[in-house]
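This briefing is intended for a reader who has the sequence and the structure at hand. Please consult both while reading the points below.

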Amino acid sequence: MNIALVWLRDDLRLDDQPALRAALDRGLRPLPVYIHAPEEEGAWVPGAASLAWRRRSLAALADALERRGSRLLLSRGPTLAALQALAARTGAEAVLWTRRYEPAIEQRDAHIKRSLRQAGLHAESFNGALLFEPWDLATRQGDPYRVFTPFWKSARAHWRAPVTWDAPARLPALDAVDLSAGERLDDLLPAPRPAWDAGFWQRFTPGEDGARAALHAFLDGAVHGYAQGRDFAAEAGTSRLSPHLHHGELSVRRIAAAVLAAGDAIAEADRDRFLAELGWREFAHHVLHHYPRVPDHNLDPRFDDFPWAPADETQLEAWRHGRTGVPIVDAGMRELWHTGWMHNRVRMVVASWLSKHLRQHWRHGARWFWDTLVDADLANNTQGWQWTAGTGADAAPYFRVFNPVSQARRFDPDGAYIARWVPELAGLPLPARFAPWEHPELARRLAPAYPPRPQVELAAGRADALAAFATLRRGAP
């Protein structure tokens with residue numbers, strides 16, 4: 001039986017793994033390979049939190065393969081040279097992988113595919129990350145979508161029940177294959193020292209087993225009431241599947257199929273709201289593919305002349321480390337620092353504070369999230385920041401400025417989220433916990449270590465942002 005290299009990247013699973021399935025369907029022995037080449041990802045080299053997750057995910061995948069009689073081979077880049085060398089050493093006749101959609105990676109992968117085919121190898125890629133590939137859907141005029149609602153309407157019109165593939169119980173043995181070129185995981189991706197990622201693993205378990213457990217927990221719990229509960233910061237009302245999706249430990253088809261299979265056990269409003277969240281992820285990849293400059297440039301060109309405030313490192317550092325003086329913002333930033341994740345509603349609030357009240361360019365926030373989020377997905381991260389800043393797809397009304405106090409009162413009504421992540425405020429009564437500067441004597445006595453006032457006064461920051469937006473409305477659309 002001949003060999004196929006199954007080249008793994010952000011698809012670290014055996015279940016519903018199209019490249020693995022293709023190898024087996026062709027009667028080939030799959031040799032799973034991971035090649036570490038972050039420098040090939042252009043300006044968006046994977047961040048520290050993402051790499052910490054990847055290390056653990058690779059370890060879990062290696063264990064899963066060994067239990068099935070196979071192996072995971074680890075190697076270093078350059079990727080093309082590594083694949084060619086491995087194919088020559090093992091006698092592989094094919095290289096199979098699932099597609100990625102980041103601009104630098106798409107270009108790199110196209111070159112790799114051409115080069116492997118020119119060398120006489122069978123090279124083929126598959127969709128393993130999306131329900132709809134970015135080129136599957138278009139407007140009636142044949143253009144890419146820039147607004148989510150018509151995109152999702154079109155997607156639902158083209159919807160087909162997801163068909164998934166179960167991981168095999170056993171895989172062909174690789175006893176006679178030369179695996180001597182493999183790297184050790186500790187050499188390829190050393191564990192963080194000091195262990196700044198320790199808090200991550202109190203909340204998440206990387207790997208395919210952890211992903212399936214998270215999916216089952218969601219279907220047994222948070223999906224019921226999801227349409228409303230997803231917005232409340234102190235509650236476990238979201239799926240928390242985003243890190244598993246980003247690293248490909250669980251396919252989006254598997255998630256969608258599981259939700260649909262539950263039928264009437266899930267209320268229609270909850271099911272539709274969750275599927276729309278998966279659709280927002282699809283839309284993000286659609287936009288990134290068709291507008292590959294968006295990670296660094298405004299999708300809406302009017303914002304190219306927007307009067308952002310000069311970069312202020314003091315303000316940025318206070319925002320990064322949860323010292324803005326705005327409790328809900330500081331709670332979100334501290335949750336991110338400790339867990340590598342942040343509640344989605346709070347992500348919008350902290351992004352609005354940075355890009356609108358402070359008028360710091362959204363790229364500063366996107367870069368910080370990229371390095372600190374365990375689910376740092378380029379398409380989602382870019383779309384989230386540009387949507388909140390008003391510069392991207394579906395961003396109208398772009399002049400919306402979140403009031404962080406109103407958001408806290410509405411979506412953390414008991415102040416539990418703030419109390420957990422900003423413990424110096426836990427002793428304040430509820431009104432003061434949302435806006436301690438409105439109760440200066442109480443805050444000075446019970447929370448002396450907390451900043452006495454916000455970075456900017458809320459009304460003034462909002463007024464400055466609206467004045468800046470007014471310059472856009474006078475400009476060309």
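The model is a predicted one. Under the rule applied here, 34 salt bridges are counted, and the structure also holds 28 aromatic pairs. Strand β4 (residues 94–98) has five of its five residues buried, so the strand is largely enclosed by the rest of the structure.

**Strand β4 and its neighbours**

- Both faces of β4 are covered, with Ala-94, Leu-96 and Thr-98 buried on one side and Val-95 and Trp-97 buried on the other.
- β4 pairs with β1 in the parallel sense, over four bridges. Within this pairing, Val-6 stands opposite Leu-96 of β4.
- β4 also pairs in the parallel sense with strand β5 (residues 122–126), here over five bridges. Trp-97 has Ser-125 of β5 as its bridge partner.

- Side chains of opposite charge can pair when their charged atoms come close.
- Asp-15 and Arg-212 form a salt bridge through their side chains, at 3.7 Å from N to O. Asp-15 belongs to the loop between β1 (3–8) and α1 (18–25) and Arg-212 to helix α7 (residues 208–220), so this pair ties together parts 197 residues apart in sequence.
- Of these two residues, Asp-15 is buried, at a relative accessible area of 6%, whereas Arg-212 is partly exposed, at 28%.
- A salt bridge also joins the side chains of Asp-178 and Arg-89, with an N to O distance of 3.8 Å. Because Asp-178 lies in the loop between α5 (148–157) and α6 (185–188) and Arg-89 in helix α3 (residues 79–90), the pair ties together parts that are 89 residues apart in sequence.
- Asp-178 is partly exposed, at 33% relative accessibility, and Arg-89 is partly exposed as well, with a relative accessible area of 38%.
- In the salt bridge between Arg-345 and Asp-231, the closest N and O atoms are 3.3 Å apart. This pair links distant parts of the chain, 114 residues apart: Arg-345 is in helix α14 (residues 344–357), and Asp-231 is in the loop between α8 (226–229) and α9 (242–246).
- Arg-345 is buried, with a relative accessible area of 14%, and Asp-231 likewise counts as buried, at 13% relative accessibility.

**A salt-bridge network**

- Salt bridges link Asp-10, Glu-41, Arg-54, Arg-100 and Glu-102 in a network.

**Aromatic groups and charges over rings**

- One aromatic cluster is formed by Phe-132, Tyr-145, Phe-148, Phe-151, Trp-152, Trp-159, Trp-280 and Phe-283.
- Trp-159, a member of that cluster, has Arg-156 over its face, at 5.1 Å from the ring centre.
- Arg-146 lies over the face of Tyr-291, with a distance of 5.2 Å to the ring centre.

**Helix α17**

- In helix α17 (residues 404–411), the buried residues are Pro-404, Val-405, Gln-407, Ala-408 and Phe-411. Viewed down the axis of α17, these buried residues fall within an arc of 160 degrees, so they line one face of the helix.
- At the start of α17, a side-chain oxygen of Asn-403 comes to within 2.9 Å of the backbone nitrogen of Val-405. Val-405 is itself one of the buried residues of α17.

How values were computed:
Residues are numbered from 1 along each chain as its sequence is written. This is a predicted model: local features need pLDDT of at least 70, side-chain atom pairs count only at pLDDT 80 or more; totals for chains, interfaces and linings use all residues. Side-chain values use heavy atoms; hydrogens and water are left out. Buried means under 20% relative accessible area, exposed over 50%, partly exposed in between (1.4 Å probe, protein chains only). Helices (H or I, at least four residues) and strands (E, at least two) are DSSP runs, numbered from the N terminus. The arc is that of the directions from the helix axis to the C-beta atoms. A polar contact is a pair of N or O atoms within 3.5 Å; within protein, one must be able to donate a hydrogen and the other to accept it, and residues adjacent in sequence count only if both atoms are side-chain atoms. A salt bridge is a side-chain nitrogen of Lys or Arg within 4 Å of a carboxyl oxygen of Asp or Glu. Rings of Phe, Tyr and Trp (its six-membered ring) pair if their centres lie within 6.5 Å; planes under 30 degrees apart count as stacked, over 60 as edge-to-face and the rest as tilted. A charge sits over a ring if NZ of Lys or CZ of Arg is within 6 Å of the ring centre and within 35 degrees of the ring normal. Two strands pair if DSSP finds at least two bridges between them.
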